Amino acid sequence: MADETSTSDLLAIRFDDPLKAQECVLAMARVAKAGNLTLEDMAIVTNDDGKIKLQQTRDLNAGTGAGAGGWVGALLGIVGGPLGMVAGGALGATVGGLWAKLRDIGIDDNKMKEMGESLGDGEAALFMLIAEHDCDALARELKRFDGMILETSLGATEGDILTEALCSEL
């Protein structure tokens, strides 16, 4: 899942609706802002009529990298005039896109897609790569959501606490 040298933990939660997964992303952002959670990566995986879709929330995707690289290349190409600008923009976009693709070191996309195949139609899963966390604060926030842990690398005790939080009534 994570980079081999990473000491981060994976937490994957299944929801019956993609909107619940998005609401949970916002809730986790609040927990992180309060200093009770450090996230390295988050993604939502959905199953829409058998089509598995990934929505990265933290990674710089290849399109973003290409756009950024294109602007840098275009600015550098100004020195070479109009022809240099076009060539510099194309080169910058290519390099930027490649850089972004190589930079994707968070949660393994293939693993998320594979796990996404187990989702029912219309379901979603939120994948989080957690560097540091306060389990009690995380559990308090997760109590607001009805979900199920698909996979976690957290210890058994913390996994049990979060499982109970997701299944409990308000």
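Two strands count as paired if DSSP finds at least two bridges between them. Helices (H or I, at least four residues) and strands (E, at least two) are DSSP runs, numbered from the N terminus. With that settled, strand 2, residues 37-48, pairs with strand 3 in the antiparallel sense over 6 bridges. V45 stands opposite L54 of strand 3.

A word on the source. This is a predicted model, in which local features need pLDDT of at least 70 and side-chain atom pairs count only at pLDDT 80 or more, while totals for chains, interfaces and linings use all residues. Residues are numbered from 1 along each chain as its sequence is written, and side-chain values use heavy atoms, with hydrogens and water left out.

For angles in general, axes are lines fitted to C-alpha atoms, for helices over the stretch in contact, and angles run from 0 to 180 degrees between N-to-C directions.

Next, strand 1. Of its 7 residues, 6 are buried, so strand 1 is largely enclosed by the rest of the structure. Buried here means under 20% relative accessible area, exposed means over 50%, and partly exposed is in between (1.4 Å probe, protein chains only). Strand 1 is joined to strand 4 by 7 bridges, antiparallel, and D9 has I130 of strand 4 as its bridge partner. To strand 5 there are 4 bridges, also running antiparallel, and R14 stands opposite M148 there.

On to the helices. Contact means heavy atoms within 4.5 Å.

Which residues of helix 4 are buried? They are D109, M112, M115 and G116. These cover an arc of only 130° around the axis, which puts them on the same side of helix 4; the arc is that of the directions from the helix axis to the C-beta atoms. Their cover includes strand 1, strand 2, strand 3, strand 4 and strand 5.

Helix 1 (residues 18-33) packs against helix 5 (residues 135-142) at an angle of about 145°, with the axes 10 Å apart. The contact is made by C24, A27, M28, R30 and V31 from helix 1, and by L138, E141 and L142 from helix 5.

D49 sits in the loop between strand 2 and strand 3. D49 is not a glycine, yet has a positive phi of about 55°. Is D49 buried or exposed? D49 is exposed, at a relative accessible area of 63%.

The other is A131, in strand 4. A131 is partly exposed, with a relative accessible area of 30%. Leaving aside residues up to four places away in sequence, A131 touches S8, T38 and E40. A131 and T7 are 124 residues apart in sequence, while their C-alpha atoms are 7.0 Å apart in space.
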